[in-house]
Amino acid sequence: MDALTAGELGPDLTWFVLAMRRLEWGYAQLREGECDPRWETSEFDTDVGEVLNDAGANLYYFSVTRSLKSATRCYQAAVLLLKEPYGAIPVENLLRAALLATVKALFILQPNKRKSREARFGHLYHADRSALEYAAFRELKLLGLEVPNDDSKQPQPQVIQESKIIRDVLDDLVAYGNCLCDGRACPQRDIQGFRHRVLLLWDC
Ligand SMILES: [Zn+2]
């Protein structure tokens with residue numbers, strides 16, 4: 001790649017080579033994460049954020065590590081499935097899950113202020129909890145078991161739109177700006193273009 005100019009390679013091949021470089025970069029990041037002693041630990045860090053449950057566990061830390069592990073395993077599973085004759089659908093589903101897990105981790109890690117990070121986690125957590133309470137309520141009703149007669153007591157699911165989380169995360173990346181190294185394969189180059197491509201793929 002270095003010996004040839006982009007013009008000699010042609011636009012498609014240039015794009016392909018850059019994509020492969022970025023995938024290599026992504027794998028290196030994942031390997032680094034998995035080599036970190038905190039990857040498997042059940043102990044929790046409170047440096048970045050702390051939201052405790054009744055049992056004293058740090059839900060914020062649990063959520064970050066769980067999202068990162070989900071993203072890693074979904075990407076790895078997608079790569080494995082690419083070699084199998086099952087078609088594109090399972091790969092697309094895994095990539096969708098991986099993208100959501102990635103942006104959820106970034107969404108609660110990105111704000112500079114600890115209070116904003118914990119507040120963002122609070123939004124995500126309460127949306128999940130309310131979905132669970134709503135499902136439990138509907139199930140009890142279906143089984144004819146006791147539920148409050150008063151409709152105003154029926155839990156309403158709070159929804160955080162996935163598209164909004166993706167857009168907020170990408171907007172934060174754009175605000176952070178491009179890397180100044182000027183390397184063509186640098187993953188932090190052309191962040192605006194990156195935002196555009198991710199949103200186009202998400203729309204698809
Ligand atoms: Zn760079």
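Guide: Start with a helix pair. The axes of helix α6 (residues 162-176) and helix α7 (residues 191-203) come within 9 Å and cross at roughly 170 degrees. Axes are lines fitted to C-alpha atoms, for helices over the stretch in contact, and angles run from 0 to 180 degrees between N-to-C directions. This is a predicted model: local features need pLDDT of at least 70, side-chain atom pairs count only at pLDDT 80 or more, and totals for chains, interfaces and linings use all residues. Residues are numbered from 1 along each chain as its sequence is written.

Visitor: Why are α6 and α7 called roughly antiparallel?

Guide: Compare the angle with the cut-offs. Under 35 degrees counts as roughly parallel, over 145 as roughly antiparallel, 65 to 115 as roughly perpendicular, and the rest as oblique. The crossing is roughly 170 degrees, so α6 and α7 are roughly antiparallel to each other.

Visitor: Which residues make the contact of α6 and α7?

Guide: From α6 come Ser163, Ile166, Leu170, Leu173 and Val174. From α7 come Ile191, Gln192, Arg195, Val198, Leu199 and Trp202. Contact requires C-beta atoms, placed from the backbone, within 7 Å. By class, there are eight nonpolar, two polar and one charged residues. Ala, Val, Leu, Ile, Met, Phe, Trp, Tyr, Cys and Pro count as nonpolar, Asp, Glu, Lys and Arg as charged, and the others, Gly among them, as polar.

Visitor: What makes Asp182 exposed?

Guide: Its neighbour count. A residue is buried with 20 or more other C-beta atoms within 10 Å of its own, exposed with 12 or fewer, and partly exposed in between; C-beta atoms are placed from the backbone. Asp182 has 8, so it is exposed. Asp190 has 15, so it is partly exposed. Asp182 lies in the loop between α6 and α7, and Asp190 is found in that loop too. Neither is a glycine, yet phi is positive: about 70 degrees for Asp182 and about 50 degrees for Asp190.

Visitor: How do you know that the span of α5 agrees with its length?

Guide: The expected span is 1.5 Å times one less than the number of residues. For the 29 residues of α5 (residues 114-142) that gives 42 Å, and the end C-alpha atoms are 42 Å apart, so the two agree.

Visitor: Why is the protein chain called more spread out than a compact globule?

Guide: First, its make-up: seven helices and zero strands. Helices (H or I, at least four residues) and strands (E, at least two) are DSSP runs, numbered from the N terminus. The radius of gyration is 21 Å, well over the 17 Å that the globule rule gives for 204 residues, so the chain is more spread out. That radius is taken over C-alpha atoms, and the rule is 2.2 Å times the number of residues to the power 0.38.

Key
Two residues are in contact if their C-beta atoms, placed from the backbone, lie within 7 Å.
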